[in-house]
Amino acid sequence: MSPVEEVRRALVVTAHPDDVDFGASGTVASWTSAGIEVTYCICTSGESAGDGTVGATEMAATRQAEQRAAAAVLDVADVVFLDHPDGAVEPTLALRRDITRVIRTVRPHRVLTWSPEINWDHVATTHPDHRAVGAATFAAVYPDARNPNAHPELLTDGLTAWTVPELWLADGPAPLRNHAVDVTDVFDLRMAALHSHVSQVSASTELDDGMRARFAEIAAKHGLPAGRLAEEFQVVNTS
């Protein structure tokens, strides 16, 4: 399908700091360069990362700072952390309400999140937190955010119903991915954002080379010319 054209605001909802920069930051860069205002909603602070030598509070602070730095590289000005527990995210009504609150605040024309389904081709990226956030975000997009009777406590804060017409899902089953974004011209920028996560990624070029090769495969799969790089998604019309 073709994505909707009239997009002025977009919301990216992820489980952890760095998720968006691994999976979709080239796409985000293409959006911000086109004048789309992008907000990040990070459901945890990534406090369970590392080898256990750094305490959860310090790790959370580090990873929040890294995500804000990565966002700044891509001209994403607003980063919201929901502080749900890293490694124990569930698609509860509480998480749905929290995401609905952000949706009704930002009032995006497009939401990007992770697929609630398992990517059997690369299970290493199919973290349970990713799938839980995907399920909760889908429920927040449809039906919660658009239903004035859902989470009535939000109405008392002046957060009226909002319909998100389009949902983008990252890292879902390969046969469901129906849209590619050419990120060739912003590849170096998206990698600079990813390397802002100093606590999580190596400073070597091995990661860059691997992602370049993977994005070249995606571009070829979607019929882009040789030498182009692309990220891919399942785009769903939710209006």
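These are my notebook entries on a predicted model.

**Ground rules.** I number residues from 1 along each chain as its sequence is written, and for side-chain values I use heavy atoms, leaving out hydrogens and water.

I looked up the strands, which are DSSP runs of E with at least two residues, as helices are runs of H or I with at least four, both numbered from the N terminus. Seven strands form an open sheet with mixed pairing, in the order S3-S2-S1-S4-S5-S7-S6, where two strands pair if DSSP finds at least two bridges between them. Strand S3 (78-81) and strand S6 (179-182) stand at the edges with a single partner strand each, so one side of each has no neighbour in the sheet. On average, neighbouring strands of this sheet are turned by 25° against each other, direction ignored; the axes behind such angles are lines fitted to C-alpha atoms, for helices over the stretch in contact, and angles run from 0 to 180 degrees between N-to-C directions.

I then followed strand S4 (residues 110-114), which runs parallel to S5 and is joined to S5 by four bridges. Threonine 113 stands opposite leucine 169 in S5. Helix H3 (residues 56-73) lies across strand S2 (37-42) and S3, and runs at about 155° to S3.

**Glutamine 234.** Is glutamine 234 buried or exposed? I found that glutamine 234 lies in strand S7 and counts as buried because its relative accessibility is 16% (buried is under 20% relative accessible area, exposed over 50%, partly exposed in between, with a 1.4 Å probe and protein chains only). Leaving aside neighbours within four places in sequence, glutamine 234 is in contact (heavy atoms within 4.5 Å) with Leu167, Trp168, Leu169, Leu176, Arg177 and Asn178.

**Leucine 155.** I located leucine 155 in the loop between helix H5 (128-144) and strand S5 (166-170), and with 37% relative accessibility leucine 155 counts as partly exposed. Not counting residues up to four places away in sequence, leucine 155 touches Arg104, Pro148 and Thr160.

**Backbone entries.** I noted a cis peptide bond between tyrosine 142 and proline 143, with omega about 15°; proline 143 lies in helix H5. Aspartate 83, in the loop between S3 and helix H4 (93-106), has a positive phi near 65° although it is a residue other than glycine, and at 54% relative accessibility aspartate 83 counts as exposed. Arginine 107, in the loop between H4 and S4, has a positive phi of about 55° and is not a glycine either; its relative accessible area of 23% makes arginine 107 partly exposed.

**The largest pocket.** About 790 Å³ of space lies in the largest pocket. Of the 29 residues that line this pocket, Phe22, Gly23, His122, Thr125 and Asp171 are the closest to its centre. (On a 1 Å grid over the protein atoms alone, a pocket is an open set of points where a 1.4 Å probe fits, with protein on both sides within 12 Å along at least five of seven lines, and lining residues have an atom within 4 Å of a point.) Which element gives the most to the lining of the largest pocket? I found that H7 does, with five residues, while helix H1 (19-23), helix H7 (206-221) and strand S7 (230-237) each supply at least two.

Conventions:
Predicted model: local features only at pLDDT ≥ 70, side-chain atom pairs only at ≥ 80, totals over all residues. Points joined across faces, edges and corners; volume = space filled by probe spheres on them.
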